[in-house]
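Here is a short briefing on one protein model and the molecules it holds. Keep the structure open while you read.

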Amino acid sequence: MKTKILITGGAGYIGSHTVINLLKAGYEPIIVDNYCNSEEWILDQLHTLTGEKIKNYKADCNDIEKLDTIFKNEQFGGVIHFAALKAVGTSVLEPLNYYKNNIGSLLSIIELMAKHSVPNLVFSSSCTVYGEADYLPVNEQHPIKTAESPYGCTKQMCEQIINDCLKSNKLNSAVTLRYFNPVGAHPSGLIGELPLGTPNNLVPFITQTAAGIRSELTIFGNDYNTKDGTCVRDYIHVVDLAEAHVKALDYLGDNKPSVSLNIGTGRGSTVLETVKAFENVNNLKLNYKIGAKREGDIEQIYAETSLSEKTLNWKTKHSLEDAMRDAWNWQKYLGTK
Ligand code: NAD
Ligand code: WQD
């Protein structure tokens, strides 16, 4: 029998890609989502892509009674907890929503995992926990810095909660994945990121500008201490990121110790390099200008990946160009809907 895995936030950007890889690996993903930042037609896309109807429940992870019934019915072998609010700027304006949603949902998940003896948790954390890194590439031993935003703080607090629950045996085992900058889309162009309103993140802003939805991209600052003056990030293709979740579940299935891992490529790219990669691979010109620095932006960050590669027996396979091609394919597909 296939192991059932609860995928909270499974209709979202990273969750939907992970569902595909889980199916391929022989797991049975079951989605719980309240669609606060995703749309139900993504389930139809998953059906088209995989030929399988993915079992799903419309529920809020803070609704512990509803979730309790789902846990009772399904007998999960593990949980991947993606469900969270993720807009850094909005979290500054609406901190209560962010703390309630992101912390509350993790608390209910851990409580129900304990109650129903579900062993393995994979948690979505972020490189934001490191803040402005003291050294690069940043490794997992780097100190956790004071959070720049309530969003970042929820990720730090969630990691702390997970560690405390592991110590007290309220949680059996967990892998915390600290994602760097997820970009790109499924190569089919049928699923990808669905930003609400004006995107805050670079790549959806690039693709919407190329599609004519935005008139131009503003590059936030070009006098940073980097090779071309623009900020450096570690952009990881979402399909590589999805695969890391499968490997994390495999790892936990082998009763290995709980761990926190960086999930990036190990390579830093500047904003200008990213724009150029988009232009080159898609053979088009992007309308962009250099603007003021964005408050709170970190100059540069990229991952030390040796621990995650060794621990998970995993490595990224896609290039920045692949991600830029796939992101554009997805944007073009959205234009046809
Ligand atoms: P997303 O918004 O596309 O997906 C999150 C999904 O969770 C959405 O479908 C949303 O409807 C759902 N959701 C939110 N709160 C819920 C709740 N209380 N109950 C049920 N469903 C709920 O985001 P994503 O980019 O796929 O991110 C997934 C996870 O990865 C999040 O925890 C996010 O903080 C983390 N993360 C994302 C990035 C990034 O840049 N995308 C980087 C680092 C970490
Ligand atoms: C990338 C680079 C911008 C938009 C955020 C969160 C972080 C994590 C990933 C969840 C930066 C530049 C952007 C634009 C630009 N998410 N940029 N013009 O800031 O690295 O991280 O997403 O955990 O917590 O903070 O990602 O995509 O917003 O920016 O020049 O219109 O692109 O300055 O250098 P960021 P981003």
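This is a predicted model: local features need pLDDT of at least 70, side-chain atom pairs count only at pLDDT 80 or more; totals for chains, interfaces and linings use all residues.

Start with strand S4, which spans residues 78–81 and is covered on both faces. Then look at Ser105, a buried residue whose side chain makes a polar contact with that of His81. Finish with the spaces and the ligands.

**Strand S4 and its partners**

- Gly78 and Ile80 lie on one side of S4, while Val79 and His81 lie on the other. All four of these residues are buried.
- Strand S1, residues 4–8, pairs with S4 through four bridges. The two strands run parallel.
- Within that pairing, Leu6 stands opposite Val79.
- Strand S5, residues 120–126, also runs parallel to S4. Four bridges join S5 and S4.
- Which residue of S5 is the bridge partner of Val79? The partner is Leu121.

**Ser105, a buried polar side chain**

- Ser105 sits in helix H5, which covers residues 95–115.
- Is Ser105 buried or exposed? Ser105 counts as buried because its relative accessibility is 2%, and the cut-off for buried is under 20%.
- The side chain of Ser105 makes a polar contact of 3.3 Å with the side chain of His81.
- The Ser105 side chain also reaches the backbone oxygen of Asn101, at 2.7 Å.

**The cavity**

- How many cavities of 30 Å³ or more does a search of the whole structure find? The search finds one.
- The largest cavity has a volume of about 30 Å³.
- His81 of strand S4 is part of the cavity lining. Other lining residues include Ala83, Ala84, Asn102 and Phe123.
- Thr154, Lys155 and Cys158 line the cavity too.
- Helix H6, residues 150–167, gives the most to this lining, with three residues.
- By type, the lining has four nonpolar residues, three polar ones and one charged one.

**The second largest pocket**

- This pocket holds about 270 Å³ of space. It is lined by 25 residues, and the closest to its centre are Glu193, Leu194, Pro195, Trp330 and Leu334.
- Strand S7 (181–183), helix H7 (202–210) and helix H11 (320–335) each supply at least two lining residues.
- The lining divides into 15 nonpolar, seven polar and three charged residues.

**Ligand 1**

- There are 27 residues around ligand 1. Those that come nearest are Asp33, Asn37, Ser38, Asn101 and Tyr151.
- Ser38 places a polar side-chain atom 2.7 Å from an oxygen atom of ligand 1.
- Tyr151 has a polar side-chain atom 2.7 Å from an oxygen atom of this ligand.
- Gly12 approaches with its backbone: an N or O atom there lies 3.3 Å from an oxygen atom of ligand 1.
- Asn101, listed among the nearest residues, is also the residue whose backbone oxygen Ser105 reaches.

**Ligand 2**

- Ligand 2 is surrounded by 18 residues, and the closest are Ser126, Tyr151, Thr218, Arg233 and Asp297.
- A polar backbone atom of Thr218 is 2.8 Å from a nitrogen atom of ligand 2.
- Phe220 also uses its backbone, with a polar atom 2.9 Å from an oxygen atom of the ligand.
- Asp297 brings a polar side-chain atom to 2.5 Å from an oxygen atom of ligand 2.

Methods:
Residues are numbered from 1 along each chain as its sequence is written. Chains are lettered from A and ligands numbered from 1 in the order in which they are written. Side-chain values use heavy atoms; hydrogens and water are left out. Buried means under 20% relative accessible area, exposed over 50%, partly exposed in between (1.4 Å probe, protein chains only). Two strands pair if DSSP finds at least two bridges between them. On a 1 Å grid over the protein atoms alone, a cavity is a set of points where a 1.4 Å probe fits but cannot get out, and a pocket is an open set with protein on both sides within 12 Å along at least five of seven lines; lining residues have an atom within 4 Å of a point. Grid points are joined across faces, edges and corners, and a volume is the space filled by probe spheres set on the points. Ala, Val, Leu, Ile, Met, Phe, Trp, Tyr, Cys and Pro count as nonpolar, Asp, Glu, Lys and Arg as charged, and the others, Gly among them, as polar. A residue is near a molecule or strand if one of its heavy atoms lies within 4 Å of it. A polar contact is a pair of N or O atoms within 3.5 Å; within protein, one must be able to donate a hydrogen and the other to accept it, and residues adjacent in sequence count only if both atoms are side-chain atoms.
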